[in-house]
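Here are my notes on the structure you asked me to look over. They go from the overall layout to single residues.

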Amino acid sequence: KQTLLPLLREETSSFIFPCHPAVQRPELQHMVMELLRCIPLLLFLLFVCGLDHFIFSILSIIQHHSFVQYSYQTGHHLSVNVMGTSLMAQLLRGTIGALNTSFNTEVETSNLACLPQPTGMSRQQYLDTCLPLGALALLCLLQVYPFRLRRAIAAFYFPKREKTRVLFLYNKLLRQRKNFLHLQRGRIARLARQPPGLGTSLLQWCRRRWPWLRRFLRRSCTLCGTPETPRHRPCPDPDCGALYCEQCW
């Protein structure tokens, strides 16, 4: 709890606050990993849609440029004329005259039945195809909020385990702070032993020479890098001049 152990600025980024609406740093890494798993599905979907459009284009070109139509027309006329008025002529006209025929043939054919009949996908169909992947990516973004309920559910059913976890976390933070202070003291001591650079000395001289420039030439906390505010405290050693924020001090 805040009243038991107020978190420092460096420690806040390593915890998840359930009531905070934004995606926090520990959740961001898990969310990015889930989104990266969607990339192969996205590439596969783009490949399938591109292949579908390519095959449709090829079949459409074949349909429009391979159409062949044949037209065949023929006529047959047979007429036998028997002249004369004799009995033989009349007999021949009665028998051979039946052979007189006349017909015309007109045939039209094409290879339309053999050509492919491709049907391209509409924009709505492409959208419906990509919609499940979009929903999956949206779930990857929103799953961080249901995951925050896991600790509350576990604490409700296992209160003793929750108390053990809180004590462990409390002791872990104390150890981390102790190690952090030890490391930072060594780092600041090494920085103090180094002579100040030309730029640092020039800024300090300008701040002392023109005090009104301090609002523009603001320093930062030596420990955490927080920009200078009225609550920052300088080191009491006149030869040090280091600046610390209220929490680090």
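**Notes on the predicted model**

1. **Layout.** The protein has 8 helices and 4 strands. This is a predicted model. Reading from the N terminus, the elements run α-α-β-α-β-α-α-α-α-α-β-β.

2. **Burial and contacts overall.** The protein has 249 residues, and 15% of them count as buried. Take the contacts between residues at least 6 apart in sequence: 61% of these join residues at least 24 apart.

3. **H2 against H4.** Start with helix H2 (residues 25-65) and helix H4 (residues 123-142). Their axes come within 9 Å and cross at roughly 175°. An angle over 145 degrees counts as roughly antiparallel, and H2 and H4 are therefore roughly antiparallel to each other. On the H2 side, the contact is made by Met-31, Glu-34, Leu-35, Cys-38, Leu-41, Leu-42, Leu-45, Cys-49, Asp-52 and His-53. H4 brings Tyr-126, Thr-129, Cys-130, Leu-133, Leu-136, Ala-137, Cys-140 and Leu-141. By class, the residues of this contact of H2 with H4 divide into 14 nonpolar, 2 polar and 2 charged.

4. **Glu-34.** Setting aside neighbours within four places in sequence, Glu-34 is in contact with Cys-140 and Gln-143. Cys-140 is also one of the H4 residues in the contact with H2.

5. **Ala-22.** At 36% relative accessibility, Ala-22 counts as partly exposed. Ala-22 and Tyr-145 are 123 residues apart along the chain, yet their C-alpha atoms are separated by 9.6 Å. Leaving out neighbours within four places in sequence, Ala-22 is in contact with Glu-27, Tyr-145 and Arg-148.

6. **H6 against H7.** Helix H6 (residues 149-157) and helix H7 (residues 159-193) pack at an angle of about 120°, with axes 5 Å apart. That angle makes H6 oblique to H7. From H6, the contact is made by Arg-151, Ala-155, Phe-156 and Tyr-157. From H7 come Pro-159, Glu-162 and Arg-165. The residues of this contact of H6 with H7 divide into 4 nonpolar, no polar and 3 charged.

7. **Aromatic pairing.** How many aromatic pairs does the structure hold? The count is 1. The rings of Phe-156 and Tyr-157 have their centres 5.1 Å apart. Their planes stand at 90°, so the pair is edge-to-face. The cut-off for that label is over 60 degrees. Phe-156 is exposed, and Tyr-157 is exposed too. Both residues also belong to the H6 side of the contact with H7.

8. **Cysteines.** How many disulfides does a search of the whole structure find? The search finds 0. A disulfide is a covalent bond between the sulfur atoms of two cysteines. Take two of the cysteines for their surroundings. Cys-19 has a relative accessible area of 81%, so Cys-19 is exposed. Cys-245 has a relative accessible area of 9%, so Cys-245 is buried. Among the cysteines in the contact of H2 with H4 are Cys-38 and Cys-49 of H2, and Cys-130 and Cys-140 of H4.

How values were computed
Residues numbered from 1 in each chain as written. Predicted model: local features only at pLDDT ≥ 70, side-chain atom pairs only at ≥ 80, totals over all residues. Heavy atoms only, no water. Axes fitted to C-alpha atoms, helices over the stretch in contact; angles between N-to-C directions. Helix = DSSP H or I, 4+ residues; strand = E, 2+ residues; numbered from the N terminus. Parallel < 35°, antiparallel > 145°, perpendicular 65-115°, else oblique. Contact = heavy atoms within 4.5 Å. Nonpolar A, V, L, I, M, F, W, Y, C, P; charged D, E, K, R; others polar. Disulfide = S-S within 2.5 Å. Buried < 20%, exposed > 50% of the residue type's maximum accessible area, 1.4 Å probe, protein only. Phe/Tyr/Trp six-rings, centres within 6.5 Å; stacked < 30°, edge-to-face > 60°.
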